[in-house]
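Please work through the exercises below with the sequence and the coordinates at hand. Each task is followed by a stepwise solution.

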Amino acid sequence: MMSVSQQNEMVGAQSILQQTFNDSGITIANHATGGTSSSLQNELRGLDGNGAPYADRIKLSKASIVIESHTLNDALGGETIDDYRQYLVQWVVDVRAAGKVPVLEESGPVCDGDHPQLAAYVQAMDDAATQYNVALIAQYQYLLTVPNYCSHLNAGFYPDDAIYAIKAQREAAALTPIIKTLVGE
């Protein structure tokens with residue numbers, strides 16, 4: 001029986017950052033939608049269940065830093081890796097136009113057999129981060145080094161608390177220098 005982890009990546013990273021900066025006002029909010037319709041293409045078009053097209057929504061967000069982590073479902077919608085690269089560029093442009101700091105976060109690997117092109121999508125994200133000077137939270141290759149990694153995934157897909165803790169540490173480490181810059185440290 002699967003359940004939602006109460007110690008997910010977002011909760012863990014927020015806790016680490018609050019402790020690091022001694023500031024309980026640091027919050028991380030997750031506005032992602034689940035299911036196979038959750039893709040970068042759908043997010044940009046406003047077809048992800050969150051309302052208007054992304055460029056309009058992000059302008060209204062109170063966030064200073066915006067993290068994009070779509071990769072898992074992007075091949076399922078029929079888009080190509082080249083399409084995905086263009087969606088990443090559009091996302092970066094939209095976030096920067098809204099006056100926010102874009103951050104790209106790789107997916108962790110999955111063991112369900114339904115995502116044979118995931119590594120190529122992760123590489124496209126890495127390339128976009130380099131090309132457009134966007135901070136990257138590198139998860140994919142690191143998580144592949146976790147012993148018996150697939151045993152930490154429910155249904156070959158959903159991370160357990162141990163993997164969420166690793167991802168939270170890596171997310172907080174990547175966000176710390178950005179936050180320091182934003183607060184003038």
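Predicted model: local features only at pLDDT ≥ 70, side-chain atom pairs only at ≥ 80, totals over all residues.

**Exercise 1.** Determine the strand order of the open sheet, its edge strands and the sense of its pairing.

*Solution.* 
Step 1. Strands of a sheet pair through backbone hydrogen bonds, in either a parallel or an antiparallel sense.
Step 2. The open sheet consists of three strands in the order E1-E2-E3, and the pairing is parallel.
Step 3. Strand E1 (65-68) and strand E3 (135-137) each pair on one side only, and they are the edge strands.
Step 4. From one strand to the next, the twist averages 30°.
Step 5. Four bridges join E1 to strand E2 (residues 101-105) in the parallel sense. Within E2, Val 103 is the residue opposite Ile 67.

**Exercise 2.** Classify the packing of helix H1 (residues 9-21) against helix H7 (residues 161-183) by angle and by handedness, and characterise the contact.

*Solution.* 
Step 1. The axes of H1 and H7 come within 8 Å and cross at roughly 45°.
Step 2. Angles under 35 degrees count as roughly parallel, and 65 to 115 as roughly perpendicular. H1 and H7 are therefore oblique to each other.
Step 3. The crossing of H1 past H7 is right-handed.
Step 4. H1 contributes Glu 9, Gly 12, Ala 13, Ile 16, Leu 17, Thr 20 and Phe 21 to the contact. Among the residues that H7 contributes are Tyr 164, Lys 167, Ala 168, Leu 175 and Ile 179.
Step 5. By class, the residues of this contact comprise nine nonpolar, four polar and four charged.

Technical notes. Residues numbered from 1 in each chain as written. Heavy atoms only, no water. Pairing = 2+ DSSP bridges. Helix = DSSP H or I, 4+ residues; strand = E, 2+ residues; numbered from the N terminus. Axes fitted to C-alpha atoms, helices over the stretch in contact; angles between N-to-C directions. Parallel < 35°, antiparallel > 145°, perpendicular 65-115°, else oblique. Left-handed = near helix turned anticlockwise from the far one by under 90°. Contact = heavy atoms within 4.5 Å. Nonpolar A, V, L, I, M, F, W, Y, C, P; charged D, E, K, R; others polar.
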